[in-house]
Amino acid sequence: MSEAIYYALDKLLVLAAIASTVMWGRILIRGRGASSTLLDAIGPVRPRERPFWTLADAMVMFGAHLLLLALAHQWMTSQGWIALPDSDPDEVSATHAQLANIGMVVIAGLGSIAVTLGWLRLMNEKSMQRLSLMPNGSDAWLGIKASVMLLPPVLLVSSLVSLLLPYNHEVLNLLQGVESRAIFLGMFFATAIVTPAFEELLFRVLIQGGLQGMMDPGESTAEGLPGDAWRPQSYLPIIVASVIF
């Protein structure tokens, strides 16, 4: 069964590499025109509504995360799952300590996401649609195309780097040493689902979107177009959000 899964994944990766090569080839051919750049060839910026959130909302999420993390730590300590500085560490089992760490990550991550979404909902009734959190076929198709286009080059670079430097990841090292299935699933859920969702909302949505709304007036202000015809032109917010991340 496992061999069949690996075989299927291998074939999918080969097909993705072929599709990625074709897509990049078409982009490079389109980008050879004197009037267009490579970024223009990848795809024009789609019109959208200007972000209604600001960097202050990013601070709300960050503050909620710190507060919930502290409250979760206090509760775990009161339950005896985390050893106090002046207590005997042998009184806390390794299993309870691992579950406490997982629980704090999940509580702080999911809790801050819920608080932030609720806060944004108070600011704008259509916040879920504006944040693209509602099902949208065009966005899903765009995400699939971007994944097929970008994943093979990223894996290729990663493979080349691994030939020079041995790959080492703290989370993977921890997972390899876990014998309990419950702890393994909990760590996977906390590190592969909750944490990436928290980071995407904080960095890519709130920080990057807040900077775009502040730094890029867009065409809607310059030409008096409707709010849903705003097109961000500056790439600086993307660079700043990436550096902060």
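Helix H8 (181–215) meets helix H10 (residues 236–244) through Phe203, Arg204, Ile207, Gln208, Leu211, Gln212 and Met215, which touch Leu236, Pro237, Ile238, Val240, Ala241, Ser242 and Ile244; contact means heavy atoms within 4.5 Å. This is a predicted model, in which local features need pLDDT of at least 70 and side-chain atom pairs count only at pLDDT 80 or more, while totals for chains, interfaces and linings use all residues. Residues are numbered from 1 along each chain as its sequence is written, and side-chain values use heavy atoms, without hydrogens and water.

**H8 against H10**
- The two helices (DSSP runs of H or I, at least four residues, numbered from the N terminus) pack at an angle of about 145°, with axes 9 Å apart.
- Ten nonpolar, three polar and one charged residue make up the contact of H8 with H10.

**Nonpolar cores**
- The largest nonpolar core has 15 residues, and Trp53, Met61, Leu120, Leu202, Leu206 and Ile207 touch the most other members.
- A core here is a set of buried (under 20% relative accessible area, 1.4 Å probe, protein chains only) Ala, Val, Leu, Ile, Met, Phe, Trp, Tyr and Cys residues joined through side-chain atoms within 4.5 Å.
- H8 supplies the largest share of this core, seven residues.
- Beyond its neighbours within four places in sequence, Leu202 contacts Ala58, Met61 and Ile207.

**The salt bridge**
- One salt bridge turns up in a search of the whole structure: a side-chain nitrogen of Lys or Arg within 4 Å of a carboxyl oxygen of Asp or Glu.
- Arg130 pairs with Glu49, their closest N and O atoms being 3.5 Å apart.
- These partners are 81 residues apart, with Arg130 in helix H5 (residues 127–130) and Glu49 in the loop between H2 and H3.

Terms used: Buried means under 20% relative accessible area, exposed over 50%, partly exposed in between (1.4 Å probe, protein chains only). Axes are lines fitted to C-alpha atoms, for helices over the stretch in contact, and angles run from 0 to 180 degrees between N-to-C directions. Ala, Val, Leu, Ile, Met, Phe, Trp, Tyr, Cys and Pro count as nonpolar, Asp, Glu, Lys and Arg as charged, and the others, Gly among them, as polar.
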